[in-house]
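Please look at the structure first.

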Amino acid sequence: MADTSPAANCMDKLKSYVKTPKGVILAAEILVSLIILICYAASSYGGYTAVAICEMIFAMIFFGIFMMEMDKQILVLNWLWTDLFRAGIGAALYIITSLIAVIGGKGDGALIAGGVFGLLAGILFTYDAYTIYLQVKSGSQHAAAGTDDTV
């Protein structure tokens, strides 16, 4: 007898979403953010952990929303543009903080490692923003409602 509980349904959605290109990118963003968080927390100066925490949480939220297909149910937000801003801001923040950490991490190996992983995360977030931009450019989002009164 098949398990039709909500937890089993959620696990099926998780397994199928992780196999999609967007699911792979979001899962990689979560994993890299966790690695960066660990590196920054292990360094003597853990002040850069805020970027890793915020970006990991935002990636988890968007992963959950897209996995459960809530973006098709909650139409108040334009999820494509919101995800583009999330990825673009994440890329900028990771690149800036990682360059600061790598340049100023004299003798602190954990801080330098977090900075290097942060640069890789910046590239990953930039790639995510680029793929979202291609979706926006191709028009694969919901069409906006017309503003004129003609039918």
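Y48 is buried, at 18% relative accessibility (buried means under 20% relative accessible area, exposed over 50%, partly exposed in between, with a 1.4 Å probe and protein chains only). The model is predicted: local features need pLDDT of at least 70, side-chain atom pairs count only at pLDDT 80 or more, and totals for chains, interfaces and linings use all residues. Residues are numbered from 1 along each chain as its sequence is written, and side-chain values use heavy atoms, with hydrogens and water left out.

**Aromatic pairs**
- The whole structure holds 7 aromatic pairs (rings of Phe, Tyr and Trp, the last by its six-membered ring, with centres within 6.5 Å; planes under 30 degrees apart are stacked, over 60 edge-to-face, the rest tilted).
- One of them is the edge-to-face pair of Y45 and Y48, 5.6 Å centre to centre with 75° between the planes.
- Y40, Y45 and Y48 make up one aromatic cluster.
- W81 and F85 form a tilted pair, at 6.1 Å and 40°.
- W81 is partly exposed at 34%, whereas F85 is exposed at 52%.

**Charge over a ring**
- The charged end of R86 sits over the ring of F62, 5.4 Å from its centre (NZ of Lys or CZ of Arg within 6 Å of the ring centre and within 35 degrees of the ring normal).

**Helix α3**
- Helix α3 covers residues 49–67 (helices are DSSP runs of H or I, at least four residues, numbered from the N terminus).
- Its buried residues include M56, F62 and F66.
- Just after α3, E69 takes a positive phi of about 55°.

Technical notes:
Helices (H or I, at least four residues) and strands (E, at least two) are DSSP runs, numbered from the N terminus. The expected span of a helix is 1.5 Å times one less than its number of residues.
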